[in-house]
Amino acid sequence: MKYQIRCKKCGKVVGDFATWFQQDQQCACGSTYAEVEYFDLPSFPPQAKETDSFQDLYFDFLPIEKRENIVSFGEGMVAIERWAHLEKAAREAGVNCEVYVCRNDQNQGSGTFKDISAALAASVLKEQGVKDYCLASTGNAGTAFATYLAKAGVHFTQFAPSFMDDDSTEAIKRVGQKVVLSKGGYGDAKAEAAAFHKEHKVLISGGNTDPLRIESKRTLVFECLRQMGCMPTVYMQAVAGGTSPLAFEKGFRDLLAMCSEKNYTLPRMVLVQQDECDPMVTAWEKATAAGFPEGWEQQYEAKKNMHTRIGILTAANPGNYPLVAPLVKRTDGTFIRVKEAELPEYGRRMLQEQGVLMGPASMVCYAGFFEALRKGTIRNGDKVLLNTGEGCERSQWFKKEVLG
Ligand SMILES: Cc1ncc(COP(=O)(O)O)c(C=O)c1O
Ligand SMILES: [Zn+2]
């Protein structure tokens, strides 16, 4: 065995994924928050290799025992590009920095950064002989899991909020998987998924701290070193639940454990939300104004009267804020708000300057970079990484708005 799963609450070792699944993805203490730890992480970086699969390159760093169980569409090895027009915009704002964009829109499965999560989940489920799986998703995770689990021969049901785009529903049905559209929002879809899981004893994806998602997403840390040759000093992303920043931190800890070089620093986490669904930004602003009093990270409210059109970013109740916000604070980062109404304009800018158009959730991150410049969050000498999470294949409405 390469790894074991340890409970983050009581510290007890749970076992491997076989035990984890048998125990309904819970420690005996009742906690569902657990982490994978490896017995013997090899030294970093891995041997150079021509491959199109992150599971192939990072096999020794992932909780799969046999290579033959890897389920892949060639995902995860996406380019991290330097975008000159963003560096120029920074210079015009008086800041000399390097700006890198992680092109998750080019992922091979379904064109989002959920593909690596789904790919590793599919491999582990295949290895463990699991035949049914479900999750609640606003669309990207659902489409990715449907696609990969179909390839692994696992039946999959997605519970979606009523407003999920038809493009995603079609993509899921096309690969022969099931979608259950809720009458309500994302919170309702989550409750329906939990009820289905309980009633039918179908395994469910464990949300933002699911070890399967964290372990795959943490490989971005390794990719930064492989492709940029260094760690970024600023990490930016549109945030909903906050899986990716948590995964980056886990990857960073694993990196320190494998490297003789110990003077790496975690980047400042700068997380972005659109003004129509910005509960984490609001909570952060209140905490900042109050000087971060004892227990500040527990002070957050669900967004009321939400009118966002970005179906992917509709986590109105930021249940993961108590985990994500302390990480942001520890890295000297911040939360930033952008105006949803301005995103089509930013879409035109990206298209004109770079010849690329991404989906609206990615545009939140892109717009966030300009807002960060305005607020003085980006400094001279920074190496900024924008972790853009999706292409615009399944966001035809946004494409129309951008193209007019
Ligand atoms: C494209 C895109 N960007 C951002 C997010 C938010 O991701 P996280 O769970 O890391 O906050 C998601 C997922 O919900 C997404 O699909
Ligand atoms: Zn425990």
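Trainee: How many residue pairs are in polar contact between domain 1 and domain 2?

Mentor: This is a predicted model. Domain 1 covers 1–40, and domain 2 covers 80–110 + 212–403. With both residues at pLDDT 80 or more, the count of pairs in polar contact between these domains is 3.

Trainee: Which element gives the most residues to the side of domain 1 that touches domain 2?

Mentor: Two elements give two or more residues to that side: helix 1 (17–22) and strand 3 (34–38). The one that gives the most, with 3 residues, is strand 3.

Trainee: Which side chain meets Glu-35 in a salt bridge?

Mentor: Across the interface of domain 1 and domain 2 the rule finds 1 salt bridge. A salt bridge needs a nitrogen of Lys or Arg within 4 Å of a carboxyl oxygen. Glu-35 has such a pair at 2.9 Å, N to O, and its partner is Arg-253.

Trainee: Is Lys-250 buried or exposed?

Mentor: Lys-250 sits in helix 10 (residues 243–258). A polar atom of its side chain lies 3.0 Å from the backbone oxygen of Val-36. Buried means under 20% relative accessible area. Lys-250 has 1%, so it counts as buried.

Trainee: Why is the sulfur of Cys-259 too far from the closest cysteine sulfur for a bond?

Mentor: A disulfide needs two cysteine sulfur atoms within 2.5 Å. The closest cysteine sulfur to that of Cys-259 is in Cys-224. The bond is ruled out because the distance between these sulfurs is 13 Å.

Trainee: How many disulfides does the rule count?

Mentor: The cut-off is again 2.5 Å between cysteine sulfurs. By this rule, the number of disulfides is 0.

How values were computed
Residues are numbered from 1 along each chain as its sequence is written. Chains are lettered from A and ligands numbered from 1 in the order in which they are written. This is a predicted model: local features need pLDDT of at least 70, side-chain atom pairs count only at pLDDT 80 or more; totals for chains, interfaces and linings use all residues. Side-chain values use heavy atoms; hydrogens and water are left out. Helices (H or I, at least four residues) and strands (E, at least two) are DSSP runs, numbered from the N terminus. Buried means under 20% relative accessible area, exposed over 50%, partly exposed in between (1.4 Å probe, protein chains only). A polar contact is a pair of N or O atoms within 3.5 Å; within protein, one must be able to donate a hydrogen and the other to accept it, and residues adjacent in sequence count only if both atoms are side-chain atoms. Domain bounds come from an automatic or database domain assignment.
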